[in-house]
Every structure is written in structure tokens, then in C-alpha cells.
Amino acid sequence: MRRQYMGMVRRVVVAICAALLCVSGIVAPASADRAKLPENYNFFGGIPYELTHHGGSLPGSNDFSCKPTAEHPRPVVLVHGTGGAKTTNWGSYVPMLKNRGYCVFALTYGALKGLPWPLTAVGGMDREEVSAKQLQKFVSKILKATDAETVDLVGHSQGTYMPTYYLKYLGGADKVTKYVSIAPLWRGTGSVHPVMTKLGEAIGAVPMPMCVGCGQMLPGSSFNKKLWKGGSPYVKGIDYTNIMTRYDELVVPYTAGYVKGREGESVKNIVVQDTCAQDYSDHLAIAGSRRAAYFALNALDPEHPVNVPCMFVPPFTGQT
């Protein structure tokens with residue numbers, strides 16, 4: 001019975017992925033040019049590679065022979081959101097960063113054990129503490145291979161939230177220089193409603209079906225309180241950039257991620273619509289749009305800024 005069920009789940013997920021590719025007009029890329037990878041600003045741009053290379057890494061990422069340059073001395077670690085993976089979440093970011101000379105790394109964390117593909121590519125499902133330990137191990141491996149002193153983090157959704165546990169409780173504070181958060185949820189989603197806080201207090205530590213640690217992203221949860229230990233989710237000495245959209249339908253309100261830094265904390269908050277009313281990014285699109293990606297580039301390398309164009313950005317795909 002379990003085998004039949006998992007087979008059905010696998011067929012459904014593959015069918016959904018195929019449908020998304022059709023709707024988005026995405027085709028699987030040909031072999032990447034060694035000198036320059038094709039850039040595709042679309043949230044679903046990494047799915048074709050996962051469909052054809054189960055559990056693989058996007059071309060340009062996870063090259064442990066890569067040595068950082070003087071211009072980009074820190075490896076960039078991409079931390080996906082709930083339900084994402086090292087491939088499916090980062091189709092826009094891997095080629096963009098690699099083409100600009102960064103050593104780029106991405107992990108799939110929090111995938112539940114013992115399940116077949118495609119569920120192996122559905123990360124962010126486990127408890128946040130488990131995922132944070134996986135991030136700790138991954139960063140240590142990167143630093144050892146590259147001889148870099150620290151890394152920069154770029155996270156989306158849960159990938160903006162979970163790493164704080166690594167920084168505050170697993171020794172990550174002295175291993176990270178820049179922390180770029182796309183659709184962050186520092187206060188927890190639903191943070192304006194007192195009922196959500198009470199709900200988080202009640203069930204935040206209760207394992208949820210499939211998404212075991214999802215309750216930990218509620219305001220009032222014991223995990224959220226741990227992230228706010230000391231009165232702030234931030235760690236002094238780390239440079240933070242939060243990139244948000246007013247149309248975020250999963251981080252509600254979007255201002256859950258708009259947290260100003262206190263004295264001694266380096267924090268920049270960016271709402272993409274503040275500089276372009278044509279940007280209709282939602283929670284998914286903001287991790288695929290060219291505009292948000294360029295804001296992230298400027299956060300990583302403010303000394304060599306790129307122009308962030310104002311252009312129409314559709315929800316869902318963010319394709320430009």
C-alpha cells in the first residue's frame with residue numbers, strides 16, 4: 001500500500017512539474033558553455049535540470065575545486081525555501097553569480113529521509129534545528145575546500161530564517177560575512193495577529209504532517225523566540241540585506257521581514273515596489289526576478305553596483 005501511495009505521489013509531482021514548465025515556457029537547457037552559463041530569470045528555471053538530473057547540482061554550483069578571487073573572496077551559499085531544493089529554487093541565481101566570478105554553492109536541507117525522488121528534492125520539511133546542522137556541515141565543508149575565511153548567505157523564505165539558528169547556536173556567527181534575505185520572515189508569518197502568536201505558542205513545537213518544522217515559523221513559537229534571543233534576530237558584525245515584496249502571500253504581512261537594525265547592527269531593508277510600481281512579485285516570483293537578483297548582487301558587492309531596472313515583473317514566475 002505504501003509503495004502504491006508513494007508511486008502515485010511521484011507521478012503527481014512529476015505531472016505538476018511538467019505542467020509548470022509548459023506554462024512558464026521553460027525548456028531544459030543544453031550543455032552550458034564553460035565560459036558563460038545561460039541566465040534565466042524565472043523562479044522555475046531550475047526545475048528542468050532536477051527533472052533530468054535527480055539530486056544533481058545546477059551547472060556552475062557546488063564546484064569544490066573553485067577558489068575565490070580577490071574580487072569575490074567569499075563563496076556564496078544559497079539556502080532555499082520551504083519545499084525547495086538546491087536546483088529548483090536557484091535557477092536564476094547560480095548562473096548569474098557564477099558568470100560574475102563567484103564560487104557558488106547550494107544545498108538541499110531538511111528533505112525527509114526514506115522517501116523516493118521527487119520527494120528527495122522537496123527540502124525544508126524537517127525541524128529547523130536539523131536543517132541548521134546540515135547547513136553547519138555544508139559551510140564547514142566549503143570553507144575547508146576553498147580556504148576562505150567566511151561565506152556569504154543568500155536565502156529565500158525559510159532559507160532566511162533557519163540560518164539564524166546556525167549563527168546563534170551552532171557557531172556560524174564567525175563564519176558568515178553577508179546575509180541576504182529574499183522574502184524574510186523574521187517575526188514569523190502571521191505576526192500581526194495575536195491569534196497567530198497564541199497558535200505558535202501552542203503548536204510551534206508540534207511536528208506537522210510532512211512539513212515537520214513548519215510550526216516553528218509561526219510567531220510565538222519557541223523556535224522564533226530563540227531566534228529573537230537578545231531582542232533581535234540579527235548578529236552584530238554581519239551585514240544584512242532584506243529584500244521584500246508587498247505582494248507576498250505566504251509571509252503575511254510582508255513586514256514580518258522588515259526589521260530595522262539596532263545600534264551596532266548593519267541592516268538594509270528593500271521593498272521592491274518602492275522603486276518600481278510595475279514589480280508584482282509574489283513570494284515565488286521574488287526569488288526569480290531579475291530586479292530582486294540584482295538587488296542581491298549589489299548587497300554582495302556594493303563596491304561594484306549594477307543598475308536595477310524598473311520593469312514589469314509578473315507574479316508566480318517573476319520571468320523577465
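1. Thr241 stands opposite Lys268 in strand β6. This is a predicted model. Strand β5, residues 239-244, pairs with β6 in the parallel sense, and six bridges join them.

2. These strands belong to an open sheet of six, ordered β2-β1-β3-β4-β5-β6, with parallel pairing. At the edges are β2 (104-107) and β6 (266-271), each of which pairs on one side only. On average, neighbouring strands of the sheet are turned by 15° against each other, direction ignored. As background, the strands of a sheet pair through backbone hydrogen bonds, either parallel or antiparallel.

3. Strand β1 has both faces covered. Val76 and Leu78 lie on one side, Val77 and Val79 on the other, and all are buried.

4. On one side, β1 runs parallel to β2, and four bridges join the two. Leu78 stands opposite Ala106 in β2.

5. Helix α4 (residues 128-146) lies across β1, β2 and β3 (151-156), and runs at about 155° to β2. From its first C-alpha to its last, α4 reaches 27 Å with 19 residues, close to the 27 Å expected at 1.5 Å a residue. Just after α4, Asp147 takes a positive phi of about 65°.

6. Which residues of α4 are buried? They are Glu128, Glu129, Ser131, Ala132, Leu135, Phe138, Val139, Ile142, Leu143 and Thr146. An α-helix has 3.6 residues a turn, so residues three or four places apart point the same way. The buried residues of α4 pack against strands β1, β2 and β3, and also against helices α5 (158-161), α6 (163-169) and α8 (222-227).

7. A word on confidence. The protein chain has an average pLDDT of 90, and 89% of the residues score at least 70.

Notes:
Residues are numbered from 1 along each chain as its sequence is written. This is a predicted model: local features need pLDDT of at least 70, side-chain atom pairs count only at pLDDT 80 or more; totals for chains, interfaces and linings use all residues. Side-chain values use heavy atoms; hydrogens and water are left out. pLDDT is the predictor's confidence in each residue, from 0 to 100. Two strands pair if DSSP finds at least two bridges between them. Axes are lines fitted to C-alpha atoms, for helices over the stretch in contact, and angles run from 0 to 180 degrees between N-to-C directions. Contact means heavy atoms within 4.5 Å. The expected span of a helix is 1.5 Å times one less than its number of residues. Buried means under 20% relative accessible area, exposed over 50%, partly exposed in between (1.4 Å probe, protein chains only).
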